[in-house]
Structures are given as structure tokens and as C-alpha cells.
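Please keep the sequence and the structure in view while reading.

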Amino acid sequence: MSSSFAEQVVVVSGAAGGVGREVVMKLLEHGARICATDITSSVQDLENLAPGRIVAVAADVTRSDDVERIFNRAEDAFGPVDILVNNAGFIISKSVHDTSEEEWDSVMNANAKAFFLMARRALPSMIERQSGSIVATGSISSVVGLPEQAAYCAAKGALLQLVRQMAVDYAPKGIRVNAVGAGSINTPFLTRYLDGLENPKAGEAAIKSAHPLGRWAEPSEIADAIIYLAGSSASFVTGHILMADGGYSAR
Ligand SMILES: NC(=O)c1ccc[n+]([C@@H]2O[C@H](COP(=O)([O-])OP(=O)(O)OC[C@H]3O[C@@H](n4cnc5c(N)ncnc54)[C@H](O)[C@@H]3O)[C@@H](O)[C@H]2O)c1
């Protein structure tokens, strides 16, 4: 059974990126009304996908005033927000001894603090209506330590713990909170990572072979997992991380 999102109001962050854009496209197919947001101004182009059913906001989700602006726009256009897809994120690949304080803060802010800010703004109207669903894009880095991903592992681990904590706090209010634990995904995020390596081809082969399925994910495969958790098909699922990682964490 697939969920219906007809008339549901969804905020999607990181919507100009590989996974976020796929989430937006699939939710539109399922009838949702969407507020798509990203720090990149190209997010505005998404409004052309379905005029009247999608609004776009260029905003930095690490700033509470920008988060306020995102939700105000969503509510003005469509009414109270039913679903939050907290998907924005980025990585700086360094070990602790190489990571500057600014780099640490920027990764923690984009992946962990932003989730707190977005959820904090989404929750009051969900609590009032005793209904809501929140999905965060986590990573294999939420559950295992990966080389040279100090701040990113810490941030995605914090994101997962906040998922679990909020699931417990808000289950009595009818609100579910879940995460997707993504393996490597074929998006600009991964391209930037590979470009930073001495030998990108060797890096690509190593990444693929680290996933038992022998490849990385396409963004639509991660979007499908997000949409499953977001919708009514997952009505008894909360506090869960769905590993969409090609078997990476099963080894
Ligand atoms: N690509 C991978 O291999 C991979 C693996 C595991 C998890 N993830 C996670 O998947 C999610 C989606 O990433 P993607 O692969 O689509 O990468 P992407 O770079 O294509 O998309 C991420 C988007 O987040 C936006 N963003 C970053 N910081 C922001 C901020 N402060 N405010 C607003 N927007 C901001 C970026 O502009 C970008 O459009 C991220 O949370 C990422 O950490 C990615």
C-alpha cells in the first residue's frame, strides 16, 4: 500500500539538491502541497514544476529567522504543515586533529542544529492537531564511525539521537519521527567528496565495494525510503532509522 499525500502540506529542506529534488517530485506525484527550501537560490526554479502546489524559499536552515520565514511562507500558502522532511546537509571530510572550530560548527549546524530549529518550528501546530510526521536524512555516519568524517559522524549521530528522543516525547501527541540512514548517493554531495580525493576513480571503486550491493544509490532510492517513513504506510513506525545503505551497515 502506498501513502496518499493528497492535500498534505510538506516542508522539504535541501530541496535543490540530489535527494531533496527527488523527494519534491515524488511528493508532487502523490498530490502533496510543498514548501521547498534550500540555501541555493536555484531552489526557486522548482516553483515551475507545479504552479500553485509548490512554493520555494531560499533560506539558511541554520538560522532561526530563516526557519521562521520558511514556515510562515508554507502556512501562508497552504495552511499548517503536516510533514517535515529535514534533508539539508553537507560534509567536511576531516579527522579531529585537522578540523578547525569553524568547520566543526558549520557541519554541526547544518546537519544537527538545523534539524532542531526546523522541528521546533514545525511541532507546535502538529501538537495542536495531534498529528504529524517528521523524517530526517541521516547516514551510515549516524551509526558507524567512518574515516575522516569527525564532525559529520558527530552531527549525523546527534541527528539520529534527536529523532529517537523526539519520537518518545511526541508519540503521545500523534507525531512520528524517523530517519533514513543513507549509504552513498549519486548526488553533487558525493561528486564534491570524490573531487576532493587524490584519486577519485579509486575512491569511487572503494565506495562501491564497501556497499554489499556493489554500487551506490540513486537519489530516487533514498527519496522512496523518506516518503515511506513520511506517509501513512509507516503509521506504526516511529523512532526508527531505515538503513537504505545497500547493506553497508549489515557487515
Ligand atoms: N550523497 C551522499 O553520499 C549522502 C550519503 C548519506 C547521507 N547524505 C545526506 O543526504 C542529504 C541530502 O544530500 P544530497 O546527497 O542530496 O546532497 P546535495 O548536496 O545534492 O543536497 C544537499 C542540499 O542541502 C543544501 N544545504 C546545505 N546546507 C544548507 C543550509 N545551511 N541551509 C539550507 N540548505 C542547505 C545544499 O544547498 C544542497 O542543495 C544530506 O543531509 C546529506 O548529508 C548524503
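**The ligand and its pocket**

Sorted by class, the residues in the shell around the ligand comprise 11 nonpolar, 14 polar and four charged ones. The model is a predicted one. In this model, the ligand sits in the largest pocket. Helices H1, H4 and H5, together with strand E5, are the elements that each give two or more residues to the shell around the ligand.

**Surroundings of the ligand**

- The ligand is surrounded by 29 residues, and the closest of them are Gly-18, Asp-38, Asn-87, Tyr-152 and Thr-187.

- Tyr-152 places a polar side-chain atom 2.6 Å from an oxygen atom of the ligand.
- Asn-87 takes part through its backbone, with an N or O atom that lies 2.8 Å from an oxygen atom of the ligand.
- Arg-192 has an N or O atom in its side chain at 2.9 Å from an oxygen atom of the ligand.
- The ligand taken alone exposes 820 Å², and the protein buries 93% of that area.

- The largest pocket holds about 1000 Å³ of space.
- This pocket is lined by 48 residues, and those closest to its centre are Phe-90, Ile-91, Tyr-152, Phe-189 and Leu-190.
- Two or more lining residues come from each of these elements: helix H1 (18-29), strand E2 (33-38), strand E5 (132-139), helix H4 (150-170), helix H5 (188-195) and helix H6 (200-210).
- Helix H5 gives the most to the lining of the largest pocket, with five residues.
- By class, the lining of the largest pocket contains 24 nonpolar, 20 polar and four charged residues.

**Points to review**

- Which element gives the most residues to the lining of the largest pocket? The element is H5.

Note on methods. Residues numbered from 1 in each chain as written. Predicted model: local features only at pLDDT ≥ 70, side-chain atom pairs only at ≥ 80, totals over all residues. Heavy atoms only, no water. 1 Å grid on protein atoms, 1.4 Å probe; cavity = no way out; pocket = protein on both sides within 12 Å on 5 of 7 lines; lining within 4 Å. Points joined across faces, edges and corners; volume = space filled by probe spheres on them. Helix = DSSP H or I, 4+ residues; strand = E, 2+ residues; numbered from the N terminus. Nonpolar A, V, L, I, M, F, W, Y, C, P; charged D, E, K, R; others polar. Near = heavy atom within 4 Å. Polar contact = N/O pair within 3.5 Å; in protein donor to acceptor, adjacent residues only side chain to side chain. Areas by Shrake-Rupley, 256 points an atom, 1.4 Å probe, with all protein chains shown as cover. Sits in = over half its atoms within 2 Å of the grid points.
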